[in-house]
Amino acid sequence: MNRGESPASSQGASFTDIGESPFRDAIVRCCRRGWFLGVAVSRFGPCRPMTRGMLAAVLWRMAGEPEPPENRDDPFVDVDAEQYYASAVYWARENGILYGVGQNRFAPEEPVTREQLATVLYRYAGSPETAGELEGFADAGKVSSYARNAVEWAVERKILAGKGNGILDPRGSATRAEVAAVLMRYEMSRLLLSPQ
């Protein structure tokens, strides 16, 4: 059974499992742009954890699905060339966006945490300068050192939001619906900062 995304999915509005999601609009917009696919023909899987393979595939689609190099180095023993995320994984690695986890593994089915999501998106954006701060969050000290600049940037740009009551939850898993919302906020932030 395919645990990832389904190429036979709809363009978002007809998914039967997003009607009550607070992220419904973001999900539909991401699907209409072709960034996300469903997990089945009529299901998006909004509460499913976003995996590393899924995230690579979504960012690759956002970038226009660039062709991987012909003589690419295939260092990951756990990335099947037939999987929907294979080209995306190598593109993300070649562009310094998403790396392996050690021992020649990519761990494509491993869930992405909120701070990892911020870090990957920060790299995708070119690692911009930030003056962001996290003092408003009671759990700011839980942000890993490697992710600090990325999380500060994401919070400063209003790309990554807290979960209420001053909680950022940097090490909590990011769901597919949450990632769709983050990507739409990122797109809005990028458009606002673009020269007119």
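**Entry 1: Glu 115**

I started with Glu 115, which sits in helix 4. I take helices (H or I, at least four residues) and strands (E, at least two) as DSSP runs, numbered from the N terminus. This is a predicted model: local features need pLDDT of at least 70, side-chain atom pairs count only at pLDDT 80 or more, and totals for chains, interfaces and linings use all residues. Residues are numbered from 1 along each chain as its sequence is written, and side-chain values use heavy atoms, with hydrogens and water left out.

Is Glu 115 buried or exposed? Glu 115 is buried, with a relative accessible area of 4%. Buried means under 20% relative accessible area, exposed over 50%, partly exposed in between (1.4 Å probe, protein chains only). I then looked up its contacts (heavy atoms within 4.5 Å). Leaving aside neighbours within four places in sequence, Glu 115 touches residues including Lys 142, Tyr 146, Val 151 and Arg 171.

**Entry 2: helix 4 and helix 5**

I checked how helix 4 (residues 114-124) meets helix 5 (residues 148-156): their axes come within 8 Å and cross at roughly 85°. That makes helix 4 roughly perpendicular to helix 5. Axes are lines fitted to C-alpha atoms, for helices over the stretch in contact, and angles run from 0 to 180 degrees between N-to-C directions. Under 35 degrees counts as roughly parallel, over 145 as roughly antiparallel, 65 to 115 as roughly perpendicular and the rest as oblique.

From helix 4, Glu 115, Ala 118, Thr 119, Leu 121 and Tyr 122 take part; from helix 5, Asn 149, Ala 150, Val 151, Trp 153 and Ala 154.

**Entry 3: helix 2 and Leu 59**

I went through helix 2 (residues 52-62) next. I found 11 of its 11 residues buried, so the rest of the structure largely encloses it. Leu 59 is one of these buried residues. Not counting residues up to four places away in sequence, Leu 59 touches Trp 91, Ile 97, Val 120, Leu 121, Tyr 124 and Leu 183. Just after helix 2, Gly 64 takes a positive phi of about 95°.

**Entry 4: aromatic rings**

I searched the whole structure for aromatic pairs and got nine. Rings of Phe, Tyr and Trp (its six-membered ring) pair if their centres lie within 6.5 Å; planes under 30 degrees apart count as stacked, over 60 as edge-to-face and the rest as tilted.

Phe 15 and Phe 44 form a tilted pair, 5.7 Å centre to centre with 55° between the planes. Both are buried.
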